[in-house]
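The stops below are meant to be followed in order, with a new selection at each one.

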Amino acid sequence: MVKWGLERLDELIILIGSAQESHTLSNPFTAGERIEMIRRAMKAEGIPGDRYYLIPVPDILMNNVWAYHVKMYVPSFEAVIARNPLVLRLFKEAGSEILIPPSFHREKYNSTLIRKNMITGEKWESLVPGEVSDFIKSIKGDERLREIVGTDKR
Ligand SMILES: Nc1ncnc2c1ncn2[C@@H]1O[C@H](COP(=O)(O)OP(=O)(O)OP(=O)(O)O)[C@@H](O)[C@H]1O
Ligand SMILES: NC(=O)c1ccc[n+]([C@@H]2O[C@H](COP(=O)(O)O)[C@@H](O)[C@H]2O)c1
């Protein structure tokens, strides 16, 4: 998605959504850990640090004003790249230009599936960049997820 975006725009602002969350089943990693994963993956792909910003944005209770809440955290932007239907709707309603990237093997590159495999002990490493699996293992992230769901036997 990043490469697709950088073919169309000079710089990307990558939002770290639900930034207040960590240690949950759907968001096991802190915003800071997610920043490290993305930076490592970008470096490995040779994407220069001056072509993207990483900005953590916490959730709010009011969907209707979320796009304006995001705008408060980021520099001005030309277009929004997203596939999530709620994200697209909220930015469209707030008047932003929308770019929808294609789905790149979404059947396997899918965070819910990757977390499920971490929990059940199936292979997940090949579904993320090598630098990201190394980082997750270095912080024992897969163990953390198993503990969160209570399946860690120790
Ligand atoms: N293979 C892909 N091709 C296109 N877009 C993708 C792909 N994988 C992820 N995305 C987009 O990147 C964003 C993050 O997806 P990701 O699966 O990491 O987390 P998510 O949407 O929060 O899902 P989950 O609820 O499974 O954690 C989404 O907007 C998604 O549409
Ligand atoms: N009301 C809100 O806080 C609100 C609304 C829409 C999306 N979001 C966030 O935007 C992100 C969307 O993520 P994906 O594009 O990865 O599906 C999530 O972190 C989600 O929580 C938040």
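Select residues 1–116 in this predicted model. An unreviewed UniProt entry places the feature "domain: Cytidyltransferase-like" at residues 1–116.

Next, display the whole protein as a cartoon. How many helices and strands does the protein have? Its secondary structure comes to seven helices and four strands. Followed along the sequence, these elements give the pattern α-β-α-β-α-β-α-β-α-α-α. The radius of gyration is 16 Å, close to the 15 Å that the globule rule gives for 154 residues, so the protein is as compact as a globular protein of that length. Taken along the principal axes, the C-alpha atoms fill a box of roughly 50 × 35 × 25 Å.

Now select ligand 1 and the residues around it. There are 14 of these residues, and those that come nearest are Arg-83, Phe-104, Tyr-109, Ser-111 and Thr-112. By class, the shell around ligand 1 divides into five nonpolar, seven polar and two charged residues.

Move on to ligand 2. The residues around it include Gly-17, Ser-18, Asp-59, Ile-60, Asn-63, Trp-66 and Ala-82. Also among them are Asn-84, Leu-86, Val-87 and Leu-90.

For the last stop, select helix α5 (residues 111–120) together with helix α7 (residues 141–149). Their axes come within 8 Å and cross at roughly 80°. An angle of 65 to 115 degrees counts as roughly perpendicular, which makes α5 roughly perpendicular to α7. Show the side chains where the two helices meet: Arg-115, Met-118 and Ile-119 in α5 face Asp-142, Leu-145, Arg-146 and Val-149 in α7 as contact partners. This contact of α5 with α7 has four nonpolar, no polar and three charged residues.

Terms used:
Residues are numbered from 1 along each chain as its sequence is written. Chains are lettered from A and ligands numbered from 1 in the order in which they are written. This is a predicted model: local features need pLDDT of at least 70, side-chain atom pairs count only at pLDDT 80 or more; totals for chains, interfaces and linings use all residues. A residue is near a molecule or strand if its C-beta atom, placed from the backbone, lies within 6 Å of it. Ala, Val, Leu, Ile, Met, Phe, Trp, Tyr, Cys and Pro count as nonpolar, Asp, Glu, Lys and Arg as charged, and the others, Gly among them, as polar. Axes are lines fitted to C-alpha atoms, for helices over the stretch in contact, and angles run from 0 to 180 degrees between N-to-C directions. Angles under 35 degrees count as roughly parallel, over 145 as roughly antiparallel, 65 to 115 as roughly perpendicular and the rest as oblique. Two residues are in contact if their C-beta atoms, placed from the backbone, lie within 7 Å. UniProt positions are given in the numbering used here, feature names are shortened, and annotations may be inferred rather than shown by experiment. The radius of gyration is taken over C-alpha atoms; the globule rule is 2.2 Å times the number of residues to the power 0.38.
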